[in-house]
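Please look over the sequence and the structure shown here.

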Amino acid sequence: MFDSIIVVNLVYLVAAVLFIFGLKMLASPRSAVHGNLVSSLGMLIAVVVTFYLIFADGTASWAGWLLIAIGLIVGTVIGVLLAVKVEMTQMPQLVALFNGLGGGASVLVAGAELIGLTDAEATADVMLATGLSGLIGTVTFWGSLVAFGKLQEIDWFKKPLPIPAPQAFNAVLGVLLIVLMITMASTGMGWPYLVIFLLASVLGFTLVMPIGGADMPVVIALLNSYSGLAAAATGFVIDNNVLIIAGSLVGASGIILTQIMCKAMNRSLLSVLFGSMQTGSGPAGADNELYATVRSTSADDIAMILENAQRVVFVPGYGLAVAQAQHAVRDLANILRDRGTEIEYAIHPVAGRMPGHMNVLLAEADVPYEQLKEMDEINPTLNQVDVAIVIGANDVVNPLANTDPNSPIAGMPIIEVEKARTVIVIKRSLSPGFAKIPNPLFAAENTLMFFSDGKKAVLDIVTAMKEL
């Protein structure tokens with residue numbers, strides 16, 4: 001008969017395998033839903049086995065089990081409410097909060113374990129893992145709260161830090177934190193953990209506060225990686241194999257996603273972490289001068305243009321999410337498809353406020369996966385597109401990225417919709433995007449502006465199409 005610990009570790013291994021398969025399935029929109037379910041099953045198995053270990057150990061009192069039950073109930077209620085109530089436009093903020101809560105949980109678990117350590121158990125490796133968990137988890141928690149504030153566009157988080165040299169300040173904090181972790185590992189003393197928490201709290205703010213809103217997709221991916229690394233470190237603290245594996249998977253996948261986001265924005269990770277978005281003045285002259293040649297259009301005119309189009313590309317952005325226009329866009333696309341028009345969706349990797357934001361929105365509207373085209377795939381053929389319809393996107397189609405070296409988005413790869421024969425931009429106004437710069441695309445010769453709410457505009461076009 002197998003020893004119970006061996007059985008537990010084997011079950012943990014099964015959970016880890018489910019995590020790996022689930023993560024692999026998340027790489028494709030077609031299998032992402034099933035991948036999420038597979039990963040959730042793995043986590044359920046891990047949680048049940050962990051409860052078994054607590055029960056078999058026999059050290060948990062009835063009060064301890066009561067606290068566990070209360071935690072499960074409260075957490076379940078909050079999770080269900082968030083899943084049901086949070087709008088798709090608020091999903092990036094929710095992801096930022098989840099990252100932060102993951103980091104905060106690691107800090108609390110590692111700290112609780114530290115309190116109960118005996119002198120014999122306070123070995124160098126355990127103390128080092130505890131210090132790392134406290135450092136990474138705290139930075140993740142407070143950094144995620146700052147990211148939430150920026151995504152929510154709270155005024156306080158738009159203000160610059162009152163620190164003359166923030167990069168040098170962060171470097172000093174980093175050195176102090178390394179010294180404190182070495183002290184914990186070499187002496188076995190636990191008091192530096194509190195100081196690590198305090199200094200890391202400051203570092204979480206000072207690292208993320210200078211980062212501009214347009215870089216938030218990168219920050220979210222990076223903080224997600226941090227939360228995984230904090231969990232992995234906590235796994236070493238409490239000697240839990242499945243936590244080590246799961247945290248390592250999250251940490252590694254988060255780093256890979258961060259690198260993909262940085263590549264999509266033509267920015268290095270260091271420039272995001274240790275710099276802020278430039279203020280950049282954009283093109284010379286006032287916005288009024290730039291937009292002097294803007295031409296507006298109507299739903300009826302757009303319908304007539306679309307009637308003769310052979311190939312139409314939709315370019316979704318954050319405004320589509322705000323207007324909840326994804327279902328209306330799908331209906332318009334279906335009408336065009338039924339008339340023989342080729343339909344595609346151009347997806348920029350950082351469109352929206354988090355990685356994959358547009359993919360999630362369009363999947364919610366049952367848009368066929370094969371119609372979704374990544375930026376690198378669609379750009380070479382945009383000069384063969386009859387009509388490009390931009391809905392709520394701004395910075396990711398802004399030509400200043402290619403023409404103005406002083407622009408905050410200079411060098412960022414964009415979806416080059418200006419190459420299409422006709423460009424239709426659906427926006428409420430000429431207001432700038434998250435990078436806070438004007439967009440010369442709006443005044444281009446082949447661009448028509450349809451000023452309206454995204455959903456209403458598309459529904460009006462659908463009505464006009466049916467009346468042709």
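Is F141 buried, partly exposed or exposed? F141 has a relative accessible area of 24%, so this residue is partly exposed; buried means under 20% relative accessible area, exposed over 50%, and partly exposed in between, with a 1.4 Å probe and protein chains only. This is a predicted model, in which local features need pLDDT of at least 70 and side-chain atom pairs count only at pLDDT 80 or more, while totals for chains, interfaces and linings use all residues. Residues are numbered from 1 along each chain as its sequence is written, and side-chain values use heavy atoms, with hydrogens and water left out.

**Confidence**

- The protein chain has a mean pLDDT of 87, and 94% of its residues reach 70 or more; pLDDT is the predictor's confidence in each residue, from 0 to 100.
- Over residues 276-286 pLDDT stays under 50, and the model has 20 contacts beyond four places in sequence for them (contact means heavy atoms within 4.5 Å).
- Where pLDDT is low, the predicted coordinates should not be read in detail.

**Aromatic pairs**

- The whole structure holds five aromatic pairs. Rings of Phe, Tyr and Trp (its six-membered ring) pair if their centres lie within 6.5 Å; planes under 30 degrees apart count as stacked, over 60 as edge-to-face and the rest as tilted.
- One of them joins F51 and W65, with ring centres 6.4 Å apart and planes at 55°, so this pair is tilted.
- F51 lies in helix α2 (residues 32-57) and W65 in helix α3 (residues 62-85), so the pair ties together parts that are 14 residues apart in sequence. Helices are DSSP runs (H or I, at least four residues), numbered from the N terminus.
- F51 is partly exposed at 26% relative accessibility, and W65 is partly exposed at 29%.
- The ring centres of F141 and W142 are 4.9 Å apart with planes at 80°, so that pair is edge-to-face.
- W142 is partly exposed at 23%, and F141, W142 and F205 form one aromatic cluster.

**Serine 144**

- S144 lies in helix α5 (residues 124-151) and is buried, with a relative accessible area of 0%.
- The S144 side chain reaches the backbone oxygen of T140 at 2.6 Å.
- Not counting residues up to four places away in sequence, S144 touches A96, N99, G100, V139 and L223.

**Nonpolar cores**

- A nonpolar core is a set of buried Ala, Val, Leu, Ile, Met, Phe, Trp, Tyr and Cys residues joined through side-chain atoms within 4.5 Å.
- In the largest core, of 39 residues, L306, F314 and Y345 touch the most other members.
- A second, separate core of 35 residues includes V315, L400, V423 and L441.

Technical notes
Helix = DSSP H or I, 4+ residues; strand = E, 2+ residues; numbered from the N terminus. Polar contact = N/O pair within 3.5 Å; in protein donor to acceptor, adjacent residues only side chain to side chain.
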